[in-house]
Amino acid sequence: MTASIYLVKGRDKSLRRRHPWVFSRGIQRVEGKPELGDTVDVFDHKGEWLARGAYSPQSQIRVRVWSFEQNDTIDTAFFIKRLNAAQGLRDILAERDGLTGYRLIAAESDGLPGITIDRYQDFLVCQLLSAGAEAQKDNLIEALKTCYPECSIYERSDVSVRKKEGLKPRTGVLHGETPPPVVTIEENGIKIHVDIVGGHKTGFYLDQRDSRQAAIKYVKGKRVLNCFCYTGGFGLYALKGGADKVINVDVSQPALDTARQNAEINGLPVENAEFVNADVFKLLREYRERGELFDVVIMDPPKFAESKAQLVGACRGYKDINMLAMQILKPGGTLLTYSCSGLMDSNLFQKIVADAALDAKRDVQFIERFSQAADHPLDSAYPEGFYLKGFACYVK
Ligand code: SAH
């Protein structure tokens, strides 16, 4: 029998606004003995049915809501319904931006808490991040097989957040073929080699696509420094946009090797690019000491804050690299800077960049704002889905 969760009086408001989380402190009592990932019904303190979700006894987020429709059973048909709804938006974006790689399911933002699915050609790459997602794995796989009979399914649940839900990391084939070492996708007319099995996350940073495209207008004839380049990313767009010189920097040699290949397969002028294996923090200090200057600096670091406890340290890290970036910009240069730490909101990030400007002794104006690409939508009921922000700054 489905267990029932009764909320503390007054704790029903967020669910009524269709926010998909129930926190442990909002629960008055649990009827039944739900286990990790089991489907439970959630009621207000008077016993009115509110939602159906997945139970996670070890997590502060005790229930993640699958559905606000009482008639929904959480089965294969439910997942098919969610996949079809998500596909609608992706069809529009795939057509608009020429995509053969995109985020098909962005977890809570697509009504499937704890589940992300990226599509690279005919490979679907899943990350199951919550107890509920793990418990529904078979239903999800069946639904994916039904909706995408042409696709193979691979799991990349090798992420630390699973620990909070009492789950171990896991990777491997869920259906069909093992992904080859290189799957080539396309976005905005640019081809990109993706390593699904060995790459970062599910293989590629799809979320920066719109910002990469926006970067094109700042680079023509410029000397560009692309920090944290991964497999080329912004650097490929910079070459396409007619940059004079693009210096790509990363600590991962496999990523740098792929970055060079990506420039080659697009017929971009590789002779105008350098691929430097270095720690950005150190290299920027060296550039500053040597007096090397750039017209454009792109700063797209990995997530510095994984938890609230790390936020203060993360702020220092962001301030440091943005200060260094400003100090190696020519007067009138452009800084394109990003933060993918969800815990740092846009205002805080703006403040950090402002502090960096003070320390760098440069006058800085914000001239454009960026956010995650459109296949990582922000659901109106779930503002936490906004995690990636950025600014174009005019550095005087
Ligand atoms: N801009 C990229 C995504 C960047 S992801 C894109 O558009 O696809 C962050 C990258 O930073 C990773 O490739 C990681 O290898 C690299 N990295 C992490 N710490 C680093 C450091 N200290 N110095 C240089 N690169 C680093």
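Modeller: On a 1 Å grid over the protein atoms alone, a pocket is an open set of points with protein on both sides within 12 Å along at least five of seven lines, and lining residues have an atom within 4 Å of a point. The model is predicted, so local features need pLDDT of at least 70 and side-chain atom pairs count only at pLDDT 80 or more, while totals for chains, interfaces and linings use all residues. Residues are numbered from 1 along each chain as its sequence is written, and side-chain values use heavy atoms, without hydrogens and water.

Colleague: Which residues lie nearest the centre of the second largest pocket?

Modeller: The lining of this second largest pocket comprises 18 residues. By class it has nine nonpolar, three polar and six charged residues, where Ala, Val, Leu, Ile, Met, Phe, Trp, Tyr, Cys and Pro count as nonpolar, Asp, Glu, Lys and Arg as charged, and the others, Gly among them, as polar. Nearest the centre lie Arg82, Glu108, Asp110, Gly111 and Asp379.

Colleague: What space lies in the second largest pocket?

Modeller: Grid points are joined across faces, edges and corners, and a volume is the space filled by probe spheres set on the points. For the second largest pocket the value is about 320 Å³.

Colleague: Which element supplies the largest share of the lining of the second largest pocket?

Modeller: Helices (H or I, at least four residues) and strands (E, at least two) are DSSP runs, numbered from the N terminus. At least two lining residues come from each of α2 (76-97) and β6 (61-67). The largest share, three residues, is supplied by β6.

Colleague: In what order do the six strands of the open sheet lie?

Modeller: Two strands pair if DSSP finds at least two bridges between them. The pairing in this open sheet is mixed, and the edge strands, β2 (21-23) and β3 (27-31), each pair on one side only. The order is β2-β6-β5-β4-β1-β3.

Colleague: Which residue of β5 is the bridge partner of Thr39?

Modeller: Strands β4 (residues 39-43) and β5 (residues 49-55) run antiparallel and are joined by five bridges. In β5, the partner of Thr39 is Ala54.

Colleague: Is Arg18 buried, partly exposed or exposed?

Modeller: Arg18 is found in the loop between α1 (13-16) and β2, and its phi is positive, near 65°. Buried means under 20% relative accessible area, exposed over 50%, and partly exposed in between (1.4 Å probe, protein chains only). With a relative accessible area of 43%, Arg18 is therefore partly exposed.

Note on methods: 1 Å grid on protein atoms, 1.4 Å probe; cavity = no way out; pocket = protein on both sides within 12 Å on 5 of 7 lines; lining within 4 Å.
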